[in-house]
Structures are given as C-alpha cells and as structure tokens.
Amino acid sequence: MEGLLAIAIGALTTCGVFLILRARTFPVLLGLTLLSYAVNLFLFASGRLQLGAPPLIRAGATYTDPLPQALVLTAIVIGFGMTAYLAMLALRGLAESGSDHVDTRKEP
Amino acid sequence: MTTHAPILPLLIPFAAALLQMACSRLACQRLIGLAAATLLVLITAWLTLLADDGQLRVYALGNWPAPFGIVLVLDRLAAAMTLLTAVLCFVSLLYASSGFDERGLHFHPLFQLQIFGLTGAFLTGDLFNLFVFFEVMLLASYTLLAHGGGLAKTRAGISYVVLNLVGSALFLIALGLLYGTLGTLNLADLAHRLTLPGHDQALARLSFALLIAVFALKAGLLPLSFWLPHTYTAAGAPVAALFAIMTKVGIVAILRVQTIALAPAMPDLLDNWLTTLALATVVFAALGVVAAARLRALAAWLTLLSAGTLLVTPAQANAQVDAAAIYYLVQSTLAGAAFFLLAGVIAEQRGRAADHLSAGPAPQAAWLKIAFLILAITIAGLPPFSGFVGKLMLLTTLREVSAGAAIWMVVLAAGFMVMIALARDGCYLIWKYRVAAEAAPAIVWQRATATLLLVAAGPLLAVMASPLSEYAERAASQLHSPGAYVASVLGPLGAGRKATR
C-alpha cells in the first residue's frame, strides 16, 4: 500500500515536472494539474495510511487522521480555481498573440 | 471590543468586497472601497497602538483552542504590517479611483480581497492558514495584474501564475512533510514540538528548508527572482504600488518562522546561504536598476533591491538587526510604492515618450519634479530622508555580525549605483527634453494626492524616526522571545503536552 502510493506520487510528480518544463501553455497546464494531484496524494499520506478506519475517534477502535483530509479538500478547491484561471489566461494569451507559447511569442 | 480586535482587519476588506459585488455601480464601489480603506487605516492604527502594550492577542476562530483550531495572533509586527497594508490600500485605491478602475471589470472587489489576503497572511498563527491567505492574495493579484488587458500583462501573467502555482505545490509538500513529522501546523505548536525529542530531525529540517524556499520565491531571492521585474513592470501603477508589499509578505513570513520555530530548535538552517543569496540579489537588482530603460522597470528593480537588502537580515538572528529591518521594510515599501505611482503620473505627462528613459517632453508641473527629487533622495538613501535613516540603522546594526564587511560593501556599492541611475534618469525626465507638440493632460487630483501622500512619507518617516525605530525595537524584541509566543498561543495546555508522534 505505502509502496504503491509512493510510486504513484513519484510518477505523477515526474510527469508533472516534465510537462511544466514544456514551452506551450497546454502541456504546462496539464503538468500543473498532475503536480497538484501528486501534492494532494502526498498531503493525504501525511496523516499515515489506515485501511477501513473512520476519521472519528472512538474508544478502542482504530481511526484515521481527519485533518489531512480537510487539508486535501482545501488544496483541491484552491488548485481547481487556480488551474481554471490559468486556462483562461492561456486562452487570452493565445487570442491576443496568436501563439500558445508560454512567452506568447511567435515561433520562428 | 478588544477581544475581537485581531479579526477586524480581515472582516473589513472582506465585507467591503461582498458589498461591492452586490452593488455593481462603479461610483458606489469606489465609495465603499475608499470608506473601507479609511476605516481599515483607522482600525489598524488603533491595533498598532493596542499591540504596543507587549501583550500577544490571540484570537481563536470559532473559539477552538490553539493547536486544534486556527488562531490569529496580533503582535507588534503583525499590527504594524497591517497598518502599512492599510495605508498602501488607501493610497492605491485613491489613485485607481480616477479612471484606472474603469479599464476592466470587478477591480474593486478584487482589490479588497487582495487586502484581505495580505492582512490575513500577516495575522495568522497557523501555517496552513498562511497557505490559504497566500492563495487568496495571489489569486486576487493574478487578476489585478491582468487588469486593463494587453499582451504585456497577459505575458507577464502567465509566467507569474505558473511560477506561483509551482510555489504553492512546494508549499503544500512542505506542509505535508511538517504535519507528517511533527503532527501539527500551528506555528507555536510546531515551535514547541521541535524542542521535544522523538521526531525525525532530518525531515523537519527538510520541510522548513522547503518552506523558506517558498517564502523566498515570494520575496524574490535571487535564483527565484527573475519573474519579479517584468511582472511588476507590466502591472498598472496602483496595482504595482500594492504589489510593493507582496515581496515583504515573504520576508515577514521568513522572519516569523525563523524567530519562532527555527532559532530555538535549528539555528543553523539559514546560515551562510541565505545571506549570500540575498547579497547576490542586491547585486543583480542594482545592475537591473542601472540597465532599466523605463521608469516602471526601474521601480520594479528597486523593489527587488529593497527585498534583497531585507533578506540579508533573517539569517543574522539578531534582535537589533531585525529592529532596523522592520524600519527599513516600512520605509522602503512606502518609497517603492510611491515610485510606481509617480512613474504612472509622469508617464501620462510625457505623451508618446511615456515612462521610457529617453528624451521626451518634460513634465510641466513643478511639483512633479520636486516630488521626483525628494523620492530619488529617499530611495538612494541619501540624507536627510527616511531611506538614509533606514540604511544607517541597518548598516550600524550589521557591523557586528560575521559577514558584516561583505554586507557593507555590497549594500553601499548598490546604493551608489542606485544614486547614479536615479541622477541619470532625473536628467532624462526633467532636463533633457524636447518641447511637447501637444499639451500634456491635466493631472487628476486623486492621482496627485495619492502620489504626494506617499512621497511625503519619506520626510515624514525621517522626522518620526525616533518613535518609529523604538517601536520597531520593541516589535523585534517581541519577535525574539519565542517562549512568550508559544506560551500565549498554546496557553497552559501547551506546557504539559507531549509530542504524540
């Protein structure tokens, strides 16, 4: 379980970083989305992984830490808004310059 | 009344933004915005006086006690920073109300939300909450940056947004690591648990290093500062004036984390590298100041220069140095914002030459030339204005530290370059002119008042240097007593608790 999650986070981060380093806005946007997935999974794992345990403390029963879940929820909402705004900005750059280069520059 | 005082700087801009969204007429929005800004200045001035009794005012949101709920902490530094934000808010809004806000939709609510994010970032005592306020501030700043439209703004906007989204991802990774290692995100609780045994030292160090890197990105530390000049150049004058405080948010965050959490537990984390990089930033910014071809670009490089100078201070872990840094921070923010506004007014007066540093029609109004002179003296750090006082205090206190000689050399050389650049640019603007073909437009009174208010801060802060520097000293000594901070945030609960992980 831990290994699987670690590999998933690593793969998402690798792909995300690779795509962010591209010179066009659409891959960069995808890369940021992948990176935010990786970060959300990472935050989720920071409360330790528990299988089949509720985020409630009861006497004698195992429980999972509820705080990272709340943090992830906040991070998802913020990341979603940011990505949507960047998509709009990228479209505006494309409309204004006719190029989807991150520097809104025409290719030679 | 004083129980709920710390949350007022958050509620005022937030309520104003909601009201402005409900009432979409521009005149109405301007009125609400300026009224809220005036109220915010008064309230934060009162808070600054209130915080001066040395007591930390902890406001537990929803009355959940500290390590479980989110707290706002009002100390002298936070109060002074909110006052600075409020002053910049009022002046920028006054400038923007003369027509800048007509260039796009929703300027006023976004502006208030940016203030909401800024004051929140200064007041919060919880790191995840700091992340949230950073995002509020950044999201508003993305849209304010794009306000008015145009390719230059979109181009600057894309790189600014992408970079800050990566920064946010790093911030979250740092927070995840911290929570996984120490089991809390409350700053006081973190400081408390760092001193207890039983956690992974290396992971804690790594997460704090990441956190400092994220703050350094906001502050514009050298390898992370290439976004700053062209972003600030592209922004409209009142927006850039408000952005002058955004780099300072990063610096204050570094200062706070360093004094409260790092100084007692891992005092060597910032050694060597932060000061070296800060000095490199100063050199880089000084070169940019000399090379700038436009007045607005010059203002942007000057903002970076002051940020670099301030970033020299956290690694010294010295209350005297931080006291000087707080005074320098206030005066350099006001001077930097004044320069953006003045550049905006001058650009309108010079027709097609705008703010390009080339021969063009000279500004007609005599007060503009005098204002430029006063501001240039302030920024170059020449006597008798506040720039000189700030730099003098900073250099005097830095004489004692280990890297003192290097810091003196770099800061003084940078100051000399700034002086040369400003003298040269003043010649271009005022003396080396061609006769204007068309009459320059009249300067709107809002813009003139806003600019003059900020330019007047230079002489005013120099006159009030004694009480202000004493306040800064008290703020720094409060900042350097992390024990009191932890005790007042966690209360009696904190003393007896053990680390759970």
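Predicted model: local features only at pLDDT ≥ 70, side-chain atom pairs only at ≥ 80, totals over all residues.
Student: Which helix of chain B gives the most to the side that touches chain A?
Tutor: Two residues are in contact if their C-beta atoms, placed from the backbone, lie within 7 Å, and the contact takes 28 residues from chain A and 22 residues from chain B. Helices (H or I, at least four residues) and strands (E, at least two) are DSSP runs, numbered from the N terminus; on the side of chain B that touches chain A, helix H5 (127-146) and helix H6 (151-182) each supply at least two residues. The helix that gives the most, with 16 residues, is H6(B).

Student: How do the residues on that side of chain B divide into nonpolar, polar and charged?
Tutor: Ala, Val, Leu, Ile, Met, Phe, Trp, Tyr, Cys and Pro count as nonpolar, Asp, Glu, Lys and Arg as charged, and the others, Gly among them, as polar. On the side of chain B that touches chain A, the division is 15 nonpolar, five polar and two charged.

Student: Why is chain A described as more spread out than a compact globule?
Tutor: Chain A has three helices and zero strands, and its C-alpha trace spans about 65 × 25 × 15 Å along its principal axes. The radius of gyration is taken over C-alpha atoms, and the globule rule is 2.2 Å times the number of residues to the power 0.38. For 108 residues that rule gives 13 Å, so chain A is more spread out than a compact globule, with a radius of gyration of 18 Å.

Student: At what angle do helix H7 and helix H11 of chain B pack, and is that roughly parallel or roughly antiparallel?
Tutor: Axes are lines fitted to C-alpha atoms, for helices over the stretch in contact, and angles run from 0 to 180 degrees between N-to-C directions. Angles under 35 degrees count as roughly parallel, over 145 as roughly antiparallel, 65 to 115 as roughly perpendicular and the rest as oblique. Helix H7 (residues 187-194) and helix H11 (residues 246-265) of chain B have axes 9 Å apart and an angle of about 5°, which means that H7(B) and H11(B) are roughly parallel.

Student: Is B:Ala362 buried or exposed?
Tutor: B:Ala362 sits in the loop between helix H14 (319-349) and helix H15 (366-380) of chain B. A residue is buried if 20 or more other C-beta atoms lie within 10 Å of its own, exposed if 12 or fewer, and partly exposed in between, with C-beta atoms placed from the backbone. Because B:Ala362 has 21 C-beta neighbours inside 10 Å, it counts as buried.

Methods
Residues numbered from 1 in each chain as written. Chains lettered and ligands numbered in written order.
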